[in-house]
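Dear colleague,

Please find below the structure that I am handing over to you, together with its sequence. My notes on it follow.

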Amino acid sequence: MHTLSVLLVEDSDFLAQQIEDGITGTRIDVTRVGTASEAEDVVSEQPIDCVLTNHGLPDTTGIALADNLPATVPVVLLTATALDEVSEDALEAGVTEFYRKDALSDMESGNFDILQNRIRVAFTASQWKQTRT
């Protein structure tokens, strides 16, 4: 299994550091930015295996970001919003997976294992889909 290049889009430095610490070193390399426009720049400049983005960003939403990214880039949406409120729009925009931000608040390693798994599933599904089209 190769090391995944994950772009983390999170405007909270505290939460971004928690996430980065929780998933780095598990065959995941993290590049971190704070806005959707920065994320779009990174995706256009370097290969990214998966985008992990907050739903609420300073310049737009994670859903709008997903809609602006190439369809080949899987997106995991971090949200504190109820999934039934965002899931339809998110899926239409290309979000591949969801993860509730409140699950990260207790900082148990099992929660980061689940997040790592969501990232890997999103990447694997994207790769499989690309080989089928």
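Predicted model: local features only at pLDDT ≥ 70, side-chain atom pairs only at ≥ 80, totals over all residues.

Residues are numbered from 1 along each chain as its sequence is written, and side-chain values use heavy atoms, with hydrogens and water left out.

The protein averages a pLDDT of 90 (the predictor's confidence in each residue, from 0 to 100), and 94% of the residues score at least 70. Confidence is highest in H2, at 98, and lowest in helix H5 (residues 109-132), at a mean of 83. Helices (H or I, at least four residues) and strands (E, at least two) are DSSP runs, numbered from the N terminus.

Five strands form an open sheet in the order S2-S1-S3-S4-S5, with parallel pairing; two strands pair if DSSP finds at least two bridges between them. Strand S2 (28-33) and strand S5 (95-100) stand at the edges with a single partner strand each, so one side of each has no neighbour in the sheet. Strand S1 (residues 4-9) pairs with strand S3 (residues 50-54) over 4 bridges, and Leu 7 stands opposite Val 51 in S3.

Helix H2 (residues 36-45) lies across S1, S2 and S3, whereas helix H1 (residues 13-23) lies across S1, S2, S3 and strand S4 (75-79). Contact means heavy atoms within 4.5 Å.

Ser 5 lies in strand S1 and is buried, with a relative accessible area of 18% (buried means under 20%, exposed over 50%, partly exposed in between, with a 1.4 Å probe and protein chains only).

Yours sincerely

Conventions:
Axes fitted to C-alpha atoms, helices over the stretch in contact; angles between N-to-C directions.
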